[in-house]
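The sequence and structure are shown first.

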Amino acid sequence: NYSGTKTLTFKIIPTKTTLDTLTAAKKALTVKWTKKTTQVTGYQIQYSTSKSFKSCKTKPITSNKTTSTKLTGLSAKKTYYVRIRTYKVVDGKKYYSGWSTVKSKKTK
């Protein structure tokens with residue numbers, strides 16, 4: 001006869017989002033994505049001139065209702081690679097989803 005307790009811990013990862021469109025502007029890019037509001041606190045966008053995202057910049061979006069943003073201060077006539085992921089804040093700790101597929105666009 002045995003007795004005892006067992007504790008299980010689960011890590012719930014928020015749902016992914018997808019990049020819908022990248023629109024080029026003069027030294028800027030407009031990013032639009034699919035809205036996820038159920039398990040999501042906000043979004044994190046990464047952009048870089050390198051496919052491998054070396055020396056990339058990150059832009060946080062703190063509202064889960066936002067579906068687009070403009071990346072400004074970019075170089076003209078350069079190709080930028082952009083990806084996005086969602087995050088959920090639980091007890092002050094951020095949990096991230098996986099990255100979306102990468103899209104690229106050349107600025108004007």
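## Asn-64 and its surroundings

In this predicted model, the side chain of Asn-64 reaches the backbone oxygen of Val-40 at a distance of 3.0 Å. Asn-64 lies in the loop that links strand 4 (57-61) to strand 5.

Is Asn-64 buried or exposed? Its relative accessible area is 15%, below the 20% limit, and Asn-64 therefore counts as buried. Leaving aside neighbours within four places in sequence, the residues in contact with Asn-64 are Lys-35, Lys-36, Thr-37, Val-40, Thr-41 and Tyr-43.

Three strands form an open sheet in the order 1-2-5, and their pairing is antiparallel. Strand 1 and strand 5 (68-72) each have a single partner strand and stand at the edges, so one side of each has no neighbour in the sheet. From one strand to the next, the twist averages 20°.

Six bridges pair strand 1 with strand 2 in the antiparallel sense; Ala-24 has Leu-29, in strand 2, as its bridge partner. Strand 5 presents two faces: Thr-69 and Leu-71 make up the covered one, whereas Ser-68, Lys-70 and Thr-72 make up the uncovered one.

In soluble globular proteins, nonpolar side chains tend to be buried together. Here the largest nonpolar core comprises 16 residues, and Val-31, Trp-33 and Val-82 have the most contacts inside it. The elements contributing two or more residues to this core are strand 1 (19-25), strand 2 (28-33), strand 3 (42-48) and strand 6 (79-90).

Which residues are in contact with Trp-33, leaving aside its neighbours within four places in sequence? They are Thr-17, Thr-18, Leu-19, Asp-20, Tyr-43, Ile-45, Ile-61, Thr-66, Thr-67, Ser-68, Thr-69 and Ile-84.

## An exposed loop residue

Thr-101 belongs to the loop between strand 7 (93-96) and strand 8 (103-106). Its relative accessibility is 61%, above the 50% limit, so Thr-101 counts as exposed.

Beyond its neighbours within four places in sequence, Thr-101 is in contact with Leu-19 and Val-82. Val-82 is also among the core residues with the most contacts. The C-alpha atoms of Thr-101 and Arg-83 are separated by 6.3 Å, while the two residues are 18 residues apart along the chain.

Notes:
Residues are numbered from 1 along each chain as its sequence is written. This is a predicted model: local features need pLDDT of at least 70, side-chain atom pairs count only at pLDDT 80 or more; totals for chains, interfaces and linings use all residues. Side-chain values use heavy atoms; hydrogens and water are left out. A nonpolar core is a set of buried Ala, Val, Leu, Ile, Met, Phe, Trp, Tyr and Cys residues joined through side-chain atoms within 4.5 Å. Buried means under 20% relative accessible area, exposed over 50%, partly exposed in between (1.4 Å probe, protein chains only). Helices (H or I, at least four residues) and strands (E, at least two) are DSSP runs, numbered from the N terminus. Contact means heavy atoms within 4.5 Å. Two strands pair if DSSP finds at least two bridges between them. Axes are lines fitted to C-alpha atoms, for helices over the stretch in contact, and angles run from 0 to 180 degrees between N-to-C directions. A polar contact is a pair of N or O atoms within 3.5 Å; within protein, one must be able to donate a hydrogen and the other to accept it, and residues adjacent in sequence count only if both atoms are side-chain atoms.
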